[in-house]
Amino acid sequence: MESMVSTKKGGQIAMHIIGILLCIACVAPFILLITSSLTEEATLVKNGYSFFPQVWSLESYAYISRKAAVIFRAYGITVLVTVVGTVSSLFMTLLFAYPLSRKELPFRNVLAFFVFFTMLFNGGLIPTYLMYTGTFHIKNTIWALLIPSLLMNAFYVIMMRSFFTANIPDSLIEAARIDGAGEYRILFKIVLPLSLPMIATLALMVGLGYWNDWLNGLYYLTDENLFSIQNVLNKMVSDVQFLKTNQTTVTSAVDVSKLPSVGIRMAIAVIGVIPILVVYPFFQKYFVKGIVVGGVKG
Amino acid sequence: MAAAAATSGRKKGIRNLKMKLALLSMMIPGAIYLIINNYIPMAGLQIAFKKFNYRDGMWASPWTGLSNFTYLFKTKDAILMTRNTLLYNLAFIVLGTVFAVAIAIMLNEIRSSGAKKIYQVLFLIPYLISMVVVSYIVFAFLSYDNGFLNNSVIAPLGGEKINWYISPQYWPFILVLVHLWKGFGYSSIIYYATVIGIDSALYEAAVIDGANSWQRTWHVTLPGLKNTIITLTLLNIGRIFYSDFGLFYQVPQNSGALSNVTTTIDVYVYRGLTQLNDVGRSSAAGFYQSIVGFIMVLVANLVVRKIDRDSALF
Amino acid sequence: MTGKKLAGGILAAAMTAMTAASAFAAPEFPTDVDVSDMPVVEFAAPHFNDVTDAPMVEAAMNEILAERYGIQVKLNFIGIGSWQQQSNLLLTGDEVDVITLWPLPLSTFISNMQLYPLDEYLADAPEEFINKFTEEQWAACQADGVQYSVPNLRNYGNIFICYWDEEKLHELGYNEDEITTLDQIEEVLYAAHEKYPDIYTIVPQSQATFCNGISWDGLGDQNYIGVLGNFGQDTTVTDIFECEDFVNFVKRTRQWYLDGLMMGDALSNQETGATMIQNGAAFASLSNRACEPAPAGLTQSKFVDCWSDATNITALTYGINSLSSDPDAAWVLLQALYMDSDLQTLLIDGIEGVHYILNEDGSASYPEGLDSTTVTYGMAPAYWSLPYANSDVPPIDELGSASFFSDLIAFNESALPSIATGITIDINALGIADEYAACINVKTKYYDALMNGVMDPETTLAQAHQEMVDAGIEKICAAKQAVLDEFLAAKGE
């Protein structure tokens with residue numbers, strides 16, 4: 001069966017060539033990041049970034065390891081926030097997107113518009129900040145990393161709705177109703193198992209959203225003990241960046257040559273990315289064709 | 001007889017109502033969140049029409065009409081920044097979609113599941129790197145004296161070194177390339193997830209009809225992706241007046257010599273307002289960007305609705 | 001009001017319930033050490049070294065504050081890179097009381113009504129406090145006769161110097177102390193270019209900024225939209241691209257560029273000049289400085305004596321949030337931070353024995369094995385961002401000699417002040433914000449490129465000026481000129 005549905009050998013080779021070229025385009029810069037983070041500072045300043053630096057050095061990682069306690073704590077916070085955030089977010093998105101995909105839902109277009117509108121207009125940072133800090137008091141709490149802007153995203157709702165509309169046949173749901181199943185039961189027992197590839201995709205996206213986010217920390221945290229890994233990394237980079245771009249009368253007192261070097265910033269970027277590359281493969285088993293298909297037919 | 005039919009009708013009605021209520025009840029948590037996270041702060045849209053000050057806050061600051069908007073139009077750069085924003089976004093939408101769809105189809109057609117997995121993971125790497133770091137990487141390639149392109153490609157071929165950061169003619173291509181490179185792994189995931197959701201019975205039928213792989217792609221895969229493509233394109237049209245600040249500001253290193261091809265609305269606003277910390281004017285810019293996007297989406301959605309009702313967003 | 005509160009409460013409850021599914025412990029707010037009902041003043045300042053021990057310092061400060069002043073403080077240190085964003089958010093509500101006003105110009109804070117007027121407090125303030133600053137310095141922090149902020153102790157001006165690679169300069173047979181003009185610097189640069197052709201002869205001060213300023217005064221505007229030339233001694237406001245000093249300077253750097261002295265990709269440079277010299281990639285770099293010693297391996301020659309532009313004094317000041325819930329207590333803290341040596345020492349140097357040690361000869365240094373980057377309360381190198389650093393404890397060793405702060409005060413007294421020193425120009429109130437935004441975008445196109453010699457001034461300057469005119473520079477110059485004339489007239493009276 002599988003062999004019938006796939007392309008001829010020539011096509012396969014051509015696709016692998018394209019795939020490998022794209023992989024090089026994606027990986028080469030990342031390797032450049034790694035080699036730069038392992039280059040001695042003087043070499044980096046003199047010769048720029050290189051795949052084969054003249055002088056190697058572990059100094060960047062030694063510098064970071066002095067902050068090991070801070071970094072591990074931040075990793076912990078990130079993992080916690082990512083897991084809790086992703087699960088809650090998926091749950092809410094699922095519950096919101098599924099009814100939107102059903103034709104029986106009253107005010108369906110209005111509700112779809114209600115979601116979509118949030119993608120176009122926003123009140124801006126200051127009103128949002130005032131509400132979250134003034135009314136909900138999330139400033140300097142773990143909620144600050146979880147709730148604002150990331151918990152449910154209109155984009156994911158719309159994607160999930162499209163998926164349901166296209167992939168869950170009405171007949172299937174009708175049949176379940178006739179069997180006397182309630183709506184929640186239908187959603188969790190029938191629709192959900194059929195949607196695992198989509199759920200996995202969204203989990204990946206929402207998870208990446210939480211993992212990579214540093215804006216919530218920037219806006220709502222001044223207590224550095226609550227910083228996520230991206231906040232810690234971003235702080236290291238942005239402090240240096242600021243002092244370099246603002247060489248004014250006031251900051252002329254700062255000895256910029258004592259600031260973390262470029263190599264350290266590269267090492268920081270590497271540290272932020274590696275865990276995702278480790279975790280991502282575990283998601284992939286859900287991207288397998290066939291999970292959906294069997295269910296739909298049955 | 002008639003009474004029995006009425007009873008069953010009433011029963012059906014009650015069941016229907018129950019179903020509708022159940023469906024609506026599912027949406028409560030999400031609706032509350034959207035109201036809190038998105039709709040309540042929208043009261044802040046009024047700031048665009050006010051001379052905002054911190055002491056009086058959002059409600060008590062004095063109204064100022066449309067004067068917050070004038071700086072977006074009263075400059076020679078108005079046309080330039082609008083043109084840049086629009087053209088880059090158009091390029092991103094068209095090329096980005098084509099590229100991501102092609103990758104998704106390719107991933108689907110590739111037989112070796114091991115290779116498939118490796119490609120997926122590696123394609124995502126650029127997405128994971130922050131724009132600031134991307135700007136370092138781009139610099140590593142384009143630096144005049146130490147850059148990879150000048151030293152390892154152009155010089156060995158006997159060409160003359162190019163001072164990239166003062167040569168605006170190359171930057172439209174560089175920026176589009178960087179954007180595609182950074183985003184294709186992520187957006188192809190969406191399309192790939194849709195492709196693998198397509199009913200394999202359709203493929204089997206196509207094979208039985210003697211379709212080759214191109215024909216299968218054309219007649220089965222692409223129609224299966226149509227909905228997703230339309231949805232994502234509509235969403236992108238809604239943000240057509242926005243731009244990725246990091247891409248247009250950090251990647252070109254804010255080099256003044258490039259500003260004719262790198263100044264988008266967001267960059268202009270950032271440069272112009274930072275020192276003034278003018279909340280009113282920056283809200284006005286956001287409002288302007290949103291309203292244009294809104295109108296564009298309404299029109300586009302209407303067109304889609306006329307052609308194919310099911311593909312429309314709302 | 002109650003309706004609003006109730007609705008908010010319901011929403012908050014709903015929200016908590018929603019996410020409580022994930023079984024979370026409610027976050028704990030740090031409880032105050034002092035349980036009495038003393039007001040707690042929120043203090044916010046930027047930092048760039050580690051301040052993990054801030055709670056320890058805070059506790060020590062609170063002991064003194066409770067005993068002598070009847071208030072408590074909460075220290076909020078915010079990373080310098082996030083400072084602008086976060087401090088601005090803090091000022092949207094009553095989360096902060098005493099705050100560093102930086103890096104935006106003081107006029108922006110005033111124009112946005114972010115500051116509480118201080119006149120009443122100052123009227124009652126002790127003589128000793130008033131005498132910390134001159135009448136002119138106090139006046140600089142006023143607008144329309146209202147006192148909005150208090151200056152702090154740091155450099156109120158800059159000298160301009162050329163950094164050299166110490167070893168190479170001496171190899172060339174020059175002595176840094178004998179070089180005092182740009183012409184002499186030029187001579188050395190050409191000699192160095194001959195002897196060390198493989199490295200950059202001169203590089204930007206930092207990133208694409210070739211040198212910060214030199215002799216033009218932006219009248220409170222770091223973007224130099226409408227300037228006074230000649231170290232702020234001219235009386236006519238001009239476009240930077242027509243300013244004689246600027247024109248002459250960029251003609252010179254253009255020649256340097258053509259002769260191969262300059263960095264080819266200066267506009268995309270990511271490093272600081274000092275770093276490049278230290279790592280042997282460059283020979284020299286121009287820079288603005290105060291009186292700190294030169295970084296290791298570098299030596300410097302001064303070519304412009306200390307002068308201060310119109311708003312040097314107000315570039316970083318301290319004020320009270322206009323929305324502060326207890327401005328009286330905030331003032332008590334602010335005044336104490338200028339007057340109480342024990343508090344100053346704690347805030348700047350931390351705790352004796354932990355963050356610094358006093359040596360037998362009366363000097364101070366970091367505890368063994370620590371330096372400014374590893375100490376767990378590293379505010380000393382950031383003395384310039386704190387209210388008043390001249391406490392009883394001498395500066396920690398890196399800042400140089402024990403006379404550091406008295407030298408600093410003398411340095412400030414030696415500065416040639418711009419004629420517009422203390423002027424406040426509110427772009428928004430003058431109705432020139434639209435033109436100003438347009439002009440900044442034009443200036444960005446040309447300024448750094450000209451300074452780095454990448455563009456030819458012969459052809460570019462006229463074009464740049466024309467674009468500035470189209471963007472409305474004449475209106476801005478006229479508006480600034482009017483304020484300046486009035487200011488000078490008032491001063492002359």
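## Domains of chain C

In this predicted model, chain C is assigned two domains. Domain 1 covers 32–153 and 313–414. Domain 2 covers 157–307 and 423–493. Their C-alpha centres lie 31 Å apart.

## Where the two domains meet

Domain 1 of chain C brings 12 residues to the contact, and domain 2 of chain C brings 12 residues. On the domain 1 side, the elements giving two or more residues are α4 (106–111) and α14 (404–414) of chain C. The largest share comes from α14(C), with 5 residues. By class, this domain 1 side has 6 nonpolar, 5 polar and 1 charged residues.

## Chain C against chain A

This contact takes 51 residues from chain C and 42 residues from chain A. On the chain C side, five elements are named as giving two or more residues: α1 (2–20), β2 (72–79), α3 (80–90), α11 (273–278) and β9 (282–289). Of the elements of chain C, α3(C) gives the most, with 6 residues.

What is the class make-up of the side of chain C that touches chain A? Its residues divide into 18 nonpolar, 29 polar and 4 charged.

## Chain B against chain A

Here 71 residues of chain B are in contact with 80 residues of chain A. Helix α5 (residues 113–128) of chain B supplies the largest share of the chain B side, 11 residues. The classes on the side of chain B that touches chain A are 46 nonpolar, 20 polar and 5 charged residues.

Notes
Residues are numbered from 1 along each chain as its sequence is written. Chains are lettered from A and ligands numbered from 1 in the order in which they are written. This is a predicted model: local features need pLDDT of at least 70, side-chain atom pairs count only at pLDDT 80 or more; totals for chains, interfaces and linings use all residues. Two residues are in contact if their C-beta atoms, placed from the backbone, lie within 7 Å. Helices (H or I, at least four residues) and strands (E, at least two) are DSSP runs, numbered from the N terminus. Ala, Val, Leu, Ile, Met, Phe, Trp, Tyr, Cys and Pro count as nonpolar, Asp, Glu, Lys and Arg as charged, and the others, Gly among them, as polar. Domain bounds come from an automatic or database domain assignment.
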